[in-house]
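Subject: Structure handover

Hello,

Here is the structure I promised to pass on. Please open it first, then read my notes below with the model on screen.

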Amino acid sequence: MTALWYGFRLSLKTAGAIMLLSCVLCMLPQLIFLRWPANRIRIRWHYLVIIFFTICFAARLPYYTIFNNGFDMMIINGLYDDKWAILITAIQEYQLLLKLPAAILGGIILAHPLKMWLKKKTYSSRYLMHSKAATILVIVFLAIFCVFVRYGGAFNYEKSINWESANRLKSHLLNEAVLDDGQALYRVRSYYKRLPKTDIEISPEDLRNSISSAGGNPNADGIDQAFFKQVQSKKLPGKPRMVSLIIGESFPLWPFLPEYQSLGLVDKCLKIQQSKNSIHTEAMLAHGSGTMTTVNGFITGLPAIDLHENYRQESFRSKYATGIGSIMKSLGYKTVFWYGGFDSWQNIKKFVKAQNFDEFFAAGDFEYKGGNAWGCPDKVLFQQVENYLKGCDPNEKIFNIILTTSNHPPYSIDIQAEGFDVKAVRKKLPATIAGDDKTMRELGHIWYTDQVIGDYVARSKKLYPDALYLITGDHAERFSFASEVDHITYSAVPCIIYGFGINKFLLDEPAYGCHMQIMPTLAELIGEPGTIYSSMMPSLFDLYQTNSKPVFNYKFWIDRSCNDVIKELPADNKYQLQIIAMKRIAAYRVLNGNNQN
């Protein structure tokens, strides 16, 4: 009832905007032009509005199941995404060709009674003009009513409700339900307007102050140089010949948690995690809630700033010293990027090739059966990596990033043919997970990701006994739980480091981190003492010795003073000044380059 009440108040704004435009288009012109076709315009306007909001309502249901939000910034990300793949997914997975006409028809049906009512009940404003009293009353009422609508059922800002202050309930689902589709879309517009579009307005002095706040050297020659760090101690007996960073599409932490392990969804990666040659974090914050945001984070080594670095001119003019390609090449590795999708997606091939990757391979480079609009099956991708490794010069050191795609709508892998036991898993489901066929198919694709990653590690380790592996996920926030869960369960991804020279004493437990720490962690693991690298964040090995540093991503931070709890980023976060400084520096670096002056 509280959600309905807040929603009613907030929707006054949306309804008021609709009414205002109707007033401007219909009533006001009629005061001057007596033959103005006000009623015809009014009817057509409201027809469009009702059809539009019916379509939005139909779209919002599957949107929430995917993103666990009403309309949000993922719409903006979609503008840069593979539109053809999105269209095919919408048709195959969400029945677009059936549901869109049905929504339009539903809107027409809903609008028809309004049309009939307007034809009978609408009176021309010119008749009211004959009564001065009526005119005055209408003007006074409208003035008061507009203020009431403007503030969401209140008469001042303190008691108002808007999309930014609507999160007043403990339930995320109900908080999102408070926003009607118009307010949710207005939220997207507001977010987009806040993104920096041009050069960051910051003076050299302000930039140096930000660098100092972020723990860098404000007197360095450039931004990259301001965050130079030095490897302090040798951690491995030698450099591994092959390093693989595996980024699993929608590969979450929750199947690794004790309460879900019995489902057997990640048995192979769990076995790797429990090995004596492995270390892992209790939880890791993914760089973003979308694949490309996370890829941008690894390639640039910068905080998530929603600047779409993969399209920015600076990303093709200079190389980010904080990026994983720069760091691994400086350590003597040939850098290879493997993607299970297509190389035109999000400009990914041009982007990573411009940022210190020697080679790039994607689905278009392989021959395979199956797959979907997003790319080839993950099993094919890993087989291609293995074939490549077999042909490498034994004296050459290789660094692979392997970005998977199969655990993604339209979930086209035949999971039962691959060996997923639907009935056995369904019997073990906890109350937080629904047992419907759609959910089981999603669980099967998590299981499939685990299988192909585990098989790749086992087989490639035979080729390279001194290999090093790092396993994580690009994001986790797509799986729909049957009941609400905590932030770790919902948002965290795994981080497993396994292989050559690794022992459990390397990392303090329990360890928590964020994706930005993977680059310095690899540098500290592989580099010789004295090796210089650039990173805005400390490695996982150093974080607990530098307790003043924040662990954060685009939305969350980890409060180490409160048993390492993941919290949403508030304005009064004790690390807020450092986080703002890092994001400001990152935005300046992406838009204006490395020069501080």
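**Helices that pack together**

H10 and H23 are oblique to each other. Their axes come within 8 Å and cross at roughly 130 degrees. H10 covers residues 204–213, and H23 covers residues 576–592. The crossing is left-handed. On the H10 side, the contact is made by Asp 206, Leu 207, Ser 210, Ile 211 and Ser 213. On the H23 side, Gln 578, Ala 581, Arg 584, Ile 585 and Tyr 588 take part. By class, the residues of this contact are five nonpolar, three polar and two charged. Keep in mind that this is a predicted model.

Now go to helix H1, residues 2–32. What is the angle at which H1 and H7 pack? The angle is about 130 degrees, and the axes are 8 Å apart. H7 spans residues 132–150. H1 and H7 are therefore oblique to each other. H1 brings Leu 12, Lys 13 and Gly 16 to the contact. H7 brings Phe 148, Val 149 and Arg 150. That gives three nonpolar, one polar and two charged residues.

H1 also meets H2, which runs over residues 38–67. The axes of H1 and H2 come within 9 Å and cross at roughly 160 degrees. Angles over 145 degrees count as roughly antiparallel, so H1 and H2 are roughly antiparallel to each other. The crossing is right-handed. H1 contributes Thr 14, Ile 18, Leu 21, Ser 22, Leu 25, Cys 26, Met 27 and Gln 30. H2 contributes Ala 38, Ile 41, Arg 42, Trp 45, His 46, Val 49 and Phe 53. The class count for this contact is ten nonpolar, four polar and one charged.

**Aromatic rings**

How many aromatic pairs does a search of the whole structure find? It finds 25. A pair of aromatic rings is described by the distance of the centres and the angle of the planes.

Start with Trp 5 and Phe 8. Their ring centres are 5.9 Å apart and their planes are at 25 degrees, so the pair is stacked. Both residues sit in H1, three residues apart, which means about one helical turn separates them. Trp 5 is partly exposed, because its relative accessibility is 48%.

Then look at Trp 338 and Phe 361. This pair is also stacked, at 4.6 Å centre to centre with 25 degrees between the planes. The pair links distant parts of the chain, 23 residues apart. Trp 338 belongs to strand E5, residues 334–339. Phe 361 belongs to strand E6, residues 359–361. Is Trp 338 buried or exposed? Its relative accessibility is 2%, so Trp 338 counts as buried.

Trp 254, Tyr 260, Phe 479 and Phe 481 form one aromatic cluster.

**Backbone details**

Most residues other than glycine have a negative phi, and most peptide bonds are trans. With that in mind, check these spots.

The peptide bond from Pro 409 to Pro 410 is cis, with omega near 15 degrees. Pro 410 lies in the loop between strand E7 (398–403) and helix H18 (415–418).

Gln 346 is not a glycine, yet it has a positive phi of about 55 degrees. Gln 346 is placed in the loop between E5 and helix H16 (348–354). At 6% relative accessibility, Gln 346 counts as buried. Asn 347 is not a glycine either, and its phi is positive at about 60 degrees. Asn 347 lies in the loop between E5 and H16.

**Covered and exposed**

How many of the ten residues of H13 are buried? Ten of its ten residues are, so this helix, residues 291–300, is mostly covered. Among the buried residues are Met 292, Val 295, Phe 298 and Ile 299. Just after H13, Gly 301 takes a positive phi of about 70 degrees.

Pro 394 is exposed, with a relative accessible area of 54%. Pro 394 is in the loop between helix H17 (378–390) and E7. Pro 394 and Tyr 498 are 104 residues apart along the chain, and their C-alpha atoms are separated by 21 Å.

Best wishes

Definitions and conventions. Residues numbered from 1 in each chain as written. Predicted model: local features only at pLDDT ≥ 70, side-chain atom pairs only at ≥ 80, totals over all residues. Heavy atoms only, no water. Axes fitted to C-alpha atoms, helices over the stretch in contact; angles between N-to-C directions. Helix = DSSP H or I, 4+ residues; strand = E, 2+ residues; numbered from the N terminus. Parallel < 35°, antiparallel > 145°, perpendicular 65-115°, else oblique. Left-handed = near helix turned anticlockwise from the far one by under 90°. Contact = heavy atoms within 4.5 Å. Nonpolar A, V, L, I, M, F, W, Y, C, P; charged D, E, K, R; others polar. Phe/Tyr/Trp six-rings, centres within 6.5 Å; stacked < 30°, edge-to-face > 60°. Buried < 20%, exposed > 50% of the residue type's maximum accessible area, 1.4 Å probe, protein only.
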